[in-house]
Amino acid sequence: MKIAAILHLCMTLFHQGYSNNLTSCQGRCGYGTDSGYPCQCNTACERYNDCCSDYFTQCKDAATSCNGRCGENYNSQNPCHCNSLCSQYNNCCNDYTQLCNAASGDTITDAELKSLSETLYTLDSNKASASQLVIDPQALVPDSQTSSQSDLSPGKLFKSLDENTLFSRPTYAALLNVLDNYKRMTGQAESFSSQQITEQETFLKETMLNTKLGRELYGLLYTKGIYGSESEFIEDLKNMWFGLYSRNNNVLDSSGFEHIFAGEIKGGKVSGFHNWIQFYLNEKRGVLNYYSHSFNGPWSNYPDVLGLQFMWDGYYKQVGSAVIGSSPEFDLAIYTLCYIARPGKQCRLSLGGTELLIQTYTWDNSSYGNGKKYIASAYPVSM
């Protein structure tokens with residue numbers, strides 16, 4: 001008799017649990033309509049008035065938070081996401097970083113960013129030495145005076161550079177080949193010959209695959225599941241950095257590389273322009289006049305960071321921050337790392353034990369692949 005009672009109780013609890021599962025949206029949000037359930041848990045149920053009683057709390061309110069969702073599989077019904085790829089696609093829930101960064105092994109934590117950037121800093125064997133690069137920052141101005149357009153420095157910023165040594169290195173040579181492929185005025189469509197496209201590919205391969213620094217970056221992104229192969233990595237960087245989009249006049253006139261490395265003119269002023277080698281080349285040609293600097297980083301050797309004021313062939317840049325003396329692969333690596341890990345946000349790195357902030361921006365008006373965002377800008381924060 002006792003055995004029969006226990007069996008009856010177990011069957012009752014089982015059916016109650018089974019019934020509760022059928023009438024709850026827990027674990028079912030966004031699933032297609034299923035006639036095997038007495039109520040549904042997708043957006044169609046609102047129209048047909050057959051939602052489960054907990055639909056709004058389980059699927060609507062919870063869908064905008066990562067609470068209990070870190071690492072979940074992608075579900076197109078959700079308005080935001082909580083997996084390792086949401087940063088790339090710029091569709092993470094607002095609390096993703098807070099709730100999931102430490103919990104998910106697939107995300108790049110702040111500690112990992114600082115650790116990797118220290119490694120990249122150590123591996124930058126192609127950076128300029130103090131004997132290869134000599135600069136003269138001259139006038140230092142407060143932030144309140146950066147808009148004055150006053151030439152307070154009689155001399156050039158770059159006093160000397162050992163071009164024979166540095167520019168003969170493969171990554172520098174690859175950068176030089178790409179820098180002169182652009183029209184600096186926005187609103188003028190960019191187009192590339194097959195040779196110029198090859199130069200873009202060579203630049204990525206030389207910097208990211210043929211240096212220890214680039215391979216270290218790829219190694220982290222591979223272990224995080226962001227890329228499954230070197231070819232996938234390079235192809236994504238090609239789109240991310242060299243894919244064209246429109247900043248002006250509805251023509252394909254810009255890219256992340258052009259904006260950050262080469263510099264542009266938009267609205268009568270300099271836009272982007274955050275690369276020291278491009279600065280040096282234009283100053284040497286006499287088309288760039290260095291005015292002053294508003295920030296000088298705490299580093300005593302290269303790479304260092306400066307916030308620069310200058311006139312570029314008649315167009316003014318109020319604050320153009322740049323890493324100075326770094327190799328092309330170092331610049332590309334830290335900007336790529338920060339853009340993938342913290343798109344549209346500030347990214348905290350560490351160089352020689354000193355914090356460096358990188359600000360990144362996504363281009364939100366167009367995309368590539370399955371909704372990935374082009375890089376719009378990235379630069380060191382000078383403060």
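Which cysteine forms a disulfide with Cys86, and how many Å apart are their sulfur atoms? The partner is Cys92, and the two sulfur atoms sit 1.9 Å apart. A disulfide here is a pair of cysteine sulfur atoms within 2.5 Å. The torsion about this S-S bond is about 95°, so the disulfide is right-handed.

Before going on, a word on what you're looking at. This is a predicted model, where local features need pLDDT of at least 70 and side-chain atom pairs count only at pLDDT 80 or more, while totals for chains, interfaces and linings use all residues. Residues are numbered from 1 along each chain as its sequence is written, and side-chain values use heavy atoms, with hydrogens and water left out.

Back to the cysteines: there are seven disulfides in the structure. One of them links Cys39 and Cys52. Cys39 lies in the loop between α1 and α2 and Cys52 in the loop between α2 and α3, so the pair ties together parts that are 13 residues apart in sequence. (Helices are DSSP runs of H or I with at least four residues, strands are runs of E with at least two, and both are numbered from the N terminus.) Another disulfide joins Cys338 to Cys347, and with a torsion of about -70° this disulfide is left-handed. Cys338 is buried at 0% relative accessible area; buried means under 20%, exposed over 50%, and partly exposed in between, using a 1.4 Å probe and protein chains only. Cys92, at 23%, counts as partly exposed.

Now for the sheets. Strands β5, β6 and β7 make an open sheet in that order, with antiparallel pairing; two strands pair if DSSP finds at least two bridges between them. The edge strands are β5 and β7, each pairing on one side only. Between β6 and β7 there are eight bridges, and Gly307 stands opposite Ser321 in β7. Helix α13 packs on this sheet and touches β5, β6 and β7, its direction making about 145° with that of β5. Contact means heavy atoms within 4.5 Å, and angles run from 0 to 180 degrees between N-to-C directions, with axes fitted to C-alpha atoms, for helices over the stretch in contact.

Another open sheet of three strands has the order β8-β9-β10, again antiparallel. β8 and β10 each have a single partner strand, so one side of each is left without a neighbour in the sheet. Six bridges join β8 to β9, and Leu349 has Leu356 in β9 as its bridge partner. Helix α6 packs on this sheet, touching β8 and β9, while helix α11 lies across β9 and β10 at about 70° to β10.
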